[in-house]
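Open the model in your viewer and keep the selection tool at hand. Each stop below gives something to select and says what is there.

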Amino acid sequence: KDLSQTHANLPTIGRTHGIHAEPTTLGLKFASFLAEGFRQNRRLRSARYSAAVGKLSGSVGNFASSLLTPDQEVTILKHLGLRAEPVATQIVCRDRHAEVICALAQAGCWIERIATEFRHLQRTEIAELSEPFAQGKQHGSSSMPHKRNPILSENLCGLARLLRGYAMTALENTALWHERDISHSSAERVLFPDAFSTLHFMLGRLNVILRGINIDQCSLRQNLTIYKDLSSSQAYLNSLILSGMDRRQAYKLIQQASFNVLKGSTTLWDELAAQRIPGIRRIATETLTRHASALVKRALRQEPDQR
């Protein structure tokens, strides 16, 4: 949340398919992570509610030899803070448990999404962000002393894979024989404590990275201008369409102008201005991020009620 607000208007180049696309802001990157984090929060809370059930209904779930009635089961479980499984077998149905583990795995995917972005942005040729590095206490490469590898983020990506594996096991545990077998039991003894502990560790490590993240504003500015003003190509395309030009014609015109820019020393605006197109005006790159603050505020409004 702090990073979203602090850097709401700090320009950076957006990338699609790994290629420079249009400018965005660093705050918007963090706001996107934040908005997903709110969704993960809601999923975890929903899964906790779904799993908060119990059963006292006997060996096959029908109170056949039980001294209790269904109404008494409801009353007793309510005292324990649980709801009754509407129709149980010998056990509470395992789709509930799978929902919990899948929610943990999805939260792991969210962490991996953030970690993957940091890994890419720390690459030598990009160098916009970097993990915190404890100089004098932390080593980089074991063989190359100059390196500062994104090992914390890499670690998180590996652990996210582990969580997804646990989710698959939990899903496999849902289909049991008749009123119950215990093929699920041995797996659950491992996956439940491990999955919760793993996500807990991942959240702690992510917190360390976020609180110590290094931002290189010089690299941010340099990367914005590698392709000069070509990041405005879609804005110019829309401008030509609005002026009445056929979209295919406008696209072809701007694409050729862009290729000329890549080959020479001109800018996209230079190429378009030379053609004296009626009504076309120069587009300031900074106008492309004009809605960033509003979008950050919109993301913040998605924060779930913590009650």
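**Stop 1: aromatic rings**

Select Phe192 and Phe196. Both residues belong to helix α6, residues 183-212. They sit 4 residues apart, about one turn of the helix. An α-helix has 3.6 residues a turn, so residues three or four places apart point the same way.

This is a predicted model. A search of the whole structure gives 4 aromatic pairs. In the pair Phe192 and Phe196, the ring centres are 6.3 Å apart and the planes meet at 20°, so the pair is stacked; the cut-off for stacked is under 30 degrees. Phe196 is partly exposed, at 43% relative accessibility.

Now select Phe30, Phe33 and Phe118. These three form one aromatic cluster.

Next, show Tyr49 with Arg83. What lies over the face of Tyr49? Arg83 does, at 3.9 Å from the ring centre.

**Stop 2**

Select residues 11-16, strand β1, and residues 19-25, strand β2. The two strands run antiparallel and are joined by 5 bridges. Look across from Arg15: His20 in β2 stands opposite. The strands form a hairpin, with 2 residues between them. Pick His17 in the turn: its phi is positive, about 60°.

**Stop 3**

Select Ala127, in the loop between α4 (95-121) and β5 (129-130). Its phi is near 55°, a positive value in a residue other than glycine. Ala127 is partly exposed, at 27% relative accessibility.

Go on to Arg276, in the loop between α10 (268-273) and α11 (292-300). Here phi is near 50°, again positive in a residue other than glycine. Is Arg276 buried or exposed? Arg276 is exposed, with a relative accessible area of 75%.

**Stop 4: helix α9**

Select residues 247-263, helix α9. This helix has 17 residues. From first C-alpha to last, α9 reaches 24 Å, close to the 24 Å expected at 1.5 Å a residue.

Which residues of α9 are buried? They are Ala250, Leu253, Ile254, Ala257, Ser258 and Val261. These residues cover an arc of only 135° around the axis, so they lie on the same side of α9.

**Stop 5: two loop residues**

Select Ser57, in the loop between β3 (53-54) and α3 (70-79). Ser57 has a relative accessible area of 3%, so it counts as buried, the cut-off being under 20%. What does Ser57 touch, leaving aside residues up to four places away in sequence? The contacts are Asn62, Phe63, Glu73 and Ala88. Show their side chains alongside Ser57.

Finish at His178, in the loop between α5 (151-172) and α6. His178 is exposed, with a relative accessible area of 72%. His178 and Thr89 are 89 residues apart in sequence, and their C-alpha atoms are 8.4 Å apart in space.

Definitions and conventions
Residues numbered from 1 in each chain as written. Predicted model: local features only at pLDDT ≥ 70, side-chain atom pairs only at ≥ 80, totals over all residues. Heavy atoms only, no water. Phe/Tyr/Trp six-rings, centres within 6.5 Å; stacked < 30°, edge-to-face > 60°. Buried < 20%, exposed > 50% of the residue type's maximum accessible area, 1.4 Å probe, protein only. Lys NZ or Arg CZ within 6 Å of the ring centre and 35° of its normal. Pairing = 2+ DSSP bridges. Expected span 1.5 Å × (residues − 1). Arc of directions from axis to C-beta. Contact = heavy atoms within 4.5 Å.
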